[in-house]
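This report goes through a single protein chain, from selected residue pairs to helices and sheet. Please keep the sequence and the model open while reading.

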Amino acid sequence: MTDRHTYHALSIEESFAAVHSASTGLTSTEVKTRLQEYGPNTLPEPKRATWFFLLWKQCSSFLIVILLVAVVVSYALGDHQDAWIIFAAVLLNVIVGFAQEYRAGQALAALRRVISLQAKVRRDDKEELIDAKLVVPGDVILLAAGDTIPADARLCTVSECEVNESALTGESTHVVKQLESVHASATVGDRSNMVFTGTTVMKGSAEAVVVATGVATEVGHIADLIHRTRDEDTPLQKKLDVFARQVGITVLVVCAVILAAGLAFGMPFVSIFTTAVAIAVSAIPEGLVVAVTIILAIGMQRILKRNALVRNLQAAETLGSTSVICTDKTGTITEGNMKVVSLVTHDYHFRDLHQVERHDVKGLEELVFALNIGMLCNDAHVMPGESPMEELVIVGNFTERALLAAAVQIGLDQKKLNHDEPRIRSIPFNSTTKFMATLHQHPKAGRRIYVKGAPENVVAMCTQIRTGASAQRFTAKQRQEFEKKAMEYSAQGLRILALAYKDVPKQQETLRVEDCDEMTFVGFVAIQDPLRKGMQEIFARTRSAGITTVMITGDHKLTAQAIAKQLGLPTAEENILEGERLHQMTQEELNAIVEHVSVYARVSPEDKLNIIRAWQSKGKVVAMTGDGVNDSPALKAANIGIALGAGTDVAKEVSDMVLLDNRFESIVAAVEEGRGIFDNIRKVVLYLVSDSFSEVVLISLCLFLTLPMPLAAAQILWINLVADGLPNIALTLEPKEKGIMKEPPRSPKEPVVNREMRILIMTISVFTACVNLIVFLYYLRVQSNLPLAQTIVFTNLAIDSLLYVFSVRSLRRTLFDRNVFQNPWLIVAVKTALVVQLAAVYLPPLQRVLGTVALGWSEWGVVVSVSITVIAVFEFTKFLFRFFSKKPQFT
């Protein structure tokens, strides 16, 4: 068989010969043989994540591994209670993460349309309706309006056939099909004698011989690109992995040093090893993995409320570090619905048809006459029903639907008009004549021809121009004026259609191209897919957030340039790149100019992949939107792939997020939520790590001063999991801070714990440890009461963390600049944790488990004083950062 790329260059006869078939179709025997040879007409099912894989994914992070090692070591040393507490933290994290990702997968499955595609074929010279997966190369398929094409095929007959190929090519305009062979180098979008798997017949009918099925089709080629495209780890996955490894290595080094020092001082191995494990337990923020998982899960729910479904937890945060959004135009930035935005006649220019009413409008007669032509010389139709205008369903191609909608909008009735002027003959639009003509019976003129088409062609066939209710000679000056106006509109990316008519003898029954001469020019309409409301403001917001927006479209350069100009994107020659030139560039050449290009027109799937890789080579976090099969490889390669809810199942399968309302503003909203997610992760990290390292520094100091342990292992776990646990979880519910979208995106290389956070952690940890060492020494040496000394240190660390959590709520503002009651869950959590801590000090069962004793009023005075001092140091450190910096540092 001929290579799948060249059938469009063959004649119909050569195509049949290449697939060893005929117009009568295959025989039953041939079908059976070919089904065995080529296999079913299906693509490989995307590999679905099993519940076991999702579960394993939750258990594979470095922090989880460290905690599991701590469980084993603690259990082996006989600390069964500590082991079970740590294991409970691990289990909670795994369950929450698994549940969220499993639910997201189920929600995506609910979005998937479950349909059984069928195909009409001719076999043994008889028509049959079969399951599409049984179609084989050589089959003759019969196509009609509304059919989804089951395989790649070479057309052999057409009748006014138009196909929507946007899912494959990204081109929003329906493709008019014809039979002549085209050049072998033609792109998929220009192979007008072919039809492709998954596209839809919008008008007319056709027959075609199948040349490729399954993985051999154009869609199959894209599926192969998806398979070969490597999944990118999200920035959060990378950052948390680095952070976990840093914590793990730090813990191992500290434990090794302590173990070596203890042995050098002559301490028993078991005793010093138990101490080292206790320090390891204190260094690991056990609540962090749970908190991060909950923050991401809550973030997913918040993003869902803003009309976007995130498919995995880490992707929710990655949205916040997005620095480049590559977006399609049609349906995302624009409404995805063509509209008549201007109508020009001899005497009048109607710019807003919404303002036109059927009374007191100058030039109404010319307007109505022009739209009558647009309604009659039109194959679109209004679906029957009594719905109001905004609910009308109009079936047809984009351009004809726009014309019909404009006519209906000012009160014209298609059914009545078709009754008054029934159609007799028609000439469909084609790429050669560039016009459509219809012959009608007319109540006064007898017969009338109506024409709509390209301005240059229609103007050339006109000798008169209509003005008011009469016609006059169409002068050369008038022609030039209309042609100039049409060119101005075209330069703005508008689609222009000229309208004309001609009265012919009442006995005329035929219609030929030659009949369309000496016409009367009426005017032209300008059609556009308008921007969604508020798009300029949304794009201005992304710019203020430091996000670069790039428009990638299958439309022509002028159309893309006009939309980009309205959005405030750069539109100089160097800022726009067409697919033909892009396809000739190497990856290195594209990398060199990618930061200067804001608009890409008429691009292929491979081009989209190269654009993504070019931005990623600059260290950018790239979000890519798409809805078609052709977008899928780029969606997978992007850091965040965003599929439109109305898009193809293939696009949804490979994406990280599904946009339920197809609106660009929902992407921006999701980015805002993503920034809030990372903010909250940093707050939790700061809160837990500063507390954990306070314990590490304190224990290390006591060890090197040969003092008794200031905290028991059970007390350490109690602080990390119980006392800190509740405020930590409440901190995950912290609302976003104002102004979060006025800051630049984070660098993907910036760690979770940045320089300012490290300084703050060290300051708080060392200060808290030193203050508690002094308190411990006082009660140990002066009062000679080790249980009391340990209890006071235990309570100090628990209570001060319950209070300075309010300082952690904002790293941009002081404790007093934010409403304390903005997060009511934190108030409840702190009160509850305070009650629990009191129980740990005063309830006999907990006293026995934790080794605590009751505290008196004087001891509580020490606890309160220490806590207030820690908060003061925390706030003063934040003040110093704000004072010496011109911009917020904790972003």
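Is Arg122 buried or exposed? Arg122 is buried, at a relative accessible area of 13%. Here buried stands for under 20% relative accessible area, exposed for over 50%, and partly exposed for what lies in between, with a 1.4 Å probe and protein chains only.

The model is predicted, so local features need pLDDT of at least 70 and side-chain atom pairs count only at pLDDT 80 or more, while totals for chains, interfaces and linings use all residues. Residues are numbered from 1 along each chain as its sequence is written, and side-chain values use heavy atoms, with hydrogens and water left out.

## The chain as a whole

The chain contains 31 helices and 26 strands. These elements are DSSP runs numbered from the N terminus: helices are H or I runs of at least four residues, and strands are E runs of at least two. The chain has 891 residues, of which 55% count as buried. Among contacts with a separation of 6 or more, 72% are between residues 24 or more positions apart, a contact being heavy atoms within 4.5 Å.

## Salt bridges

Side chains of opposite charge can pair when their charged atoms come close. A salt bridge is taken as a side-chain nitrogen of Lys or Arg within 4 Å of a carboxyl oxygen of Asp or Glu. Searching the whole structure gives 25 salt bridges, including the pairs below.

| Pair | Closest N to O distance |
|---|---|
| Arg122 and Glu207 | 2.8 Å |
| Arg755 and Glu756 | 2.9 Å |

Arg122 forms its salt bridge with Glu207. Because Arg122 sits in strand E1 (residues 118-123) and Glu207 in strand E7 (residues 200-212), this pair ties together parts 85 residues apart in sequence.

Lys502 belongs to strand E19 (residues 495-504) and Asp517 to the loop between E19 and strand E20 (519-528), so the parts tied together are 15 residues apart in sequence. Lys502 is buried at 17% relative accessible area, whereas Asp517 is partly exposed at 34%.

In the pair of Arg755 and Glu756, Arg755 is partly exposed at 47% relative accessibility, and Glu756 is buried at 6%.

Salt bridges also link Arg306, Arg541, Glu672, Glu673 and Lys736 in a network.

An open sheet of 8 strands runs in the order E8-E26-E25-E24-E9-E21-E23-E22, with mixed pairing. Two strands count as paired if DSSP finds at least two bridges between them. Strand E8 (308-310) and strand E22 (576-578) are the edges, each pairing on one side only. From one strand to the next, the twist averages 20°.

Within this order, strand E24 (residues 622-626) and strand E25 (residues 640-644) run parallel and are joined by 4 bridges. Thr625 has Ile642 in E25 as its bridge partner.

Gln528 is placed in strand E20 and counts as buried at 14% relative accessibility. What is Gln528 in contact with, leaving aside its neighbours within four places in sequence? The residues are Asn337, Met338, Lys339, Val341, Leu494, Ile563 and Gln566.

## Helices

Helix H24 (residues 664-704) has 41 residues and spans 59 Å from its first C-alpha to its last, close to the 60 Å expected. The expected span is 1.5 Å times one less than the number of residues. H24 is mostly covered, with 37 of its 41 residues buried. Just after H24, Thr706 has a positive phi of about 50°.

Helix H29 (residues 824-842) has 19 residues and reaches 27 Å from first to last C-alpha, close to the expected 27 Å. Its buried residues include Leu826, Ile827, Val830, Gln837 and Val841.

Ala17 lies in helix H1 (residues 12-18) and is partly exposed, with a relative accessible area of 48%. Ala17 and Gly138 are 121 residues apart in sequence, and their C-alpha atoms are 9.4 Å apart in space.

Methods: Axes fitted to C-alpha atoms, helices over the stretch in contact; angles between N-to-C directions.
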